[in-house]
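Colleague: I am new to this protein and would like to go through its model with you, step by step.

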Amino acid sequence: MLRDALARLDLSDVPLATVTGKLVGASGLLLESIGCPLETGQRCLIETASGHYLEAQVVGFRREVSYLMPFKKPVGLSTGARVIPAADSAGLMIGNSWLGRIVNGLGEPLDERGRLGGDMPLAAHPPQINPLRKQPVAQPLDVGVAAINGLLTLGRGQRVGLFAGSGVGKSVLLGMITRHTEAEVVVVGLIGERGREVREFVEHALGKDGLAKAVLVVAPADESPLMRLKATELCHTIAAHFRDQGRNVLLLVDSLTRYAMAQREVALALGEPPATRGYPPSVFGMLPALAESAGNGEGSSGSMTAIYTVLAEGDDQQDPVVDTARAILDGHIVLSRALAEQGHYPAIDIGASVSRCMSQIGSRPHLDAARTLKALWGRYQEIRGLIPLGGYVPGADAQADRAVRLMPQIEQLLCQRADAAVTLPQVIAQLEALLA
């Protein structure tokens with residue numbers, strides 16, 4: 001029996017030695033390793049002076065030098081430190097137990113509620129779907145916000161940008177959408193935000209009810225750029241998993257600009273030349289790839305609607321990331337600082353915003369009412385400055401007269417408390433009654 005067991009052993013399967021590299025350089029977050037061939041995207045373990053290991057990923061190479069970037073702050077590294085290729089792992093397992101949990105970019109829990117369990121393996125990267133096999137946007141998604149439901153109706157599977165400067169109510173609006181949406185699962189990515197804002201978003205903007213059906217992936221501003229990239233991609237992978245299980249999923253990423261900045265840090269560290277306003281060309285190649293991984297899937301799978309916040313630095317709507325996002329997404333919602341300063345919340349500028357899928361999912365009476373209200377809003381904004389000066393003369397322009405008469409009711413319709421929800425049927429009925 002022992003002879004038979006020995007005969008079945010294959011000595012070629014027994015590793016005779018572990019091939020390792022050594023660390024020969026560290027400049028900022030970019031580490032250099034030699035002595036061991038490594039593949040791009042491969043994970044490695046770097047031995048620190050204290051005997052612990054720092055996890056990193058191969059981001060590039062030049063001749064015999066491999067360039068690594070750590071997931072966490074590189075502390076305790078020394079020249080000649082061992083670089084060990086990480087063994088292939090089974091990856092993350094995901095299931096319903098992820099709902100209500102908060103994780104980092106590697107899928108590690110941050111909420112001190114124990115390990116994450118699951119019954120299905122989670123893909124390593126966001127899936128890419130043949131565009132001809134994607135299900136079209138055919139049904140509306142109720143997000144519970146009157147201005148969006150009534151005038152910028154979103155469809156299941158649509159990808160839209162939320163363009164805003166700082167301090168105009170972006171986080172509050174995201175919390176409203178998370179709590180009031182009819183989506184079964186909400187995946188929220190807080191990318192590059194201040195650490196203080198994470199807990200505030202969970203406790204105040206999201207709330208207990210919103211967290212119960214949500215998965216939060218967090219990578220604050222003090223995390224490495226690689227971790228911020230991984231967290232953004234993990235959001236899409238998690239959302240795609242629940243979508244492929246037949247659920248209606250809403251993905252919120254705050255923010256797409258921080259994702260672009262993280263890729264800029266990685267690309268510049270590797271020596272890629274800056275192009276538009278300091279952003280390397282690879283940034284504008286990764287943004288469309290990321291956005292295309294969202295949206296509906298194939299066959300009878302569920303839906304995956306995505307809302308990306310885009311920071312308009314200095315309220316500049318011509319920022320390169322803003323301009324790129326406007327081109328690759330299916331609509332944009334603009335938050336106005338002027339409206340926020342007037343106490344108009346949510347501060348959505350309906351004149352500067354558009355939903356490119358609304359015509360496919362809205363009824364004809366709804367579309368006509370929304371178009372009429374936007375026209376009245378735009379006409380009022382044209383003459384608003386003339387009214388206190390006496391430059392507006394009633395009776396000279398019928399549309400202007402109607403806009404002035406209805407504006408108090410329009411503003412009442414568009415303003416909304418953060419704890420109140422306005423469903424899609426409710427806002428359509430209010431629109432039609434207002435303009436009757």
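Modeller: Before we count anything, note that helices (H or I, at least four residues) and strands (E, at least two) are DSSP runs, numbered from the N terminus. Please also keep in mind that this is a predicted model.

Colleague: Which residue is the bridge partner of S27 in β2?

Modeller: Strand β1 covers residues 21-27 and strand β2 covers residues 30-34, and the two pair in the antiparallel sense over 5 bridges. Within β2, the partner of S27 is L30.

Colleague: What percentage of the residues of the protein count as buried?

Modeller: A residue counts as buried when its relative accessible area is under 20%. The protein has 436 residues and exposes about 20,500 Å², of which carbon and sulfur atoms supply 53%. By that cut-off, the buried share of the residues is 50%.

Colleague: How far apart are the mean positions of the positive and negative charges?

Modeller: The C-alpha trace spans about 100 × 50 × 40 Å along its principal axes. The protein carries 41 positive and 45 negative charges, and the distance between their mean positions is 1 Å.

How values were computed. Residues are numbered from 1 along each chain as its sequence is written. This is a predicted model: local features need pLDDT of at least 70, side-chain atom pairs count only at pLDDT 80 or more; totals for chains, interfaces and linings use all residues. Side-chain values use heavy atoms; hydrogens and water are left out. Buried means under 20% relative accessible area, exposed over 50%, partly exposed in between (1.4 Å probe, protein chains only). Accessible areas come from the Shrake-Rupley method with a 1.4 Å probe; for residues, only the protein chains shown count as cover. Lys and Arg count as positive and Asp and Glu as negative; His and the chain ends are not counted. The place of a charge is taken as NZ of Lys, CZ of Arg, CG of Asp or CD of Glu. Two strands pair if DSSP finds at least two bridges between them.
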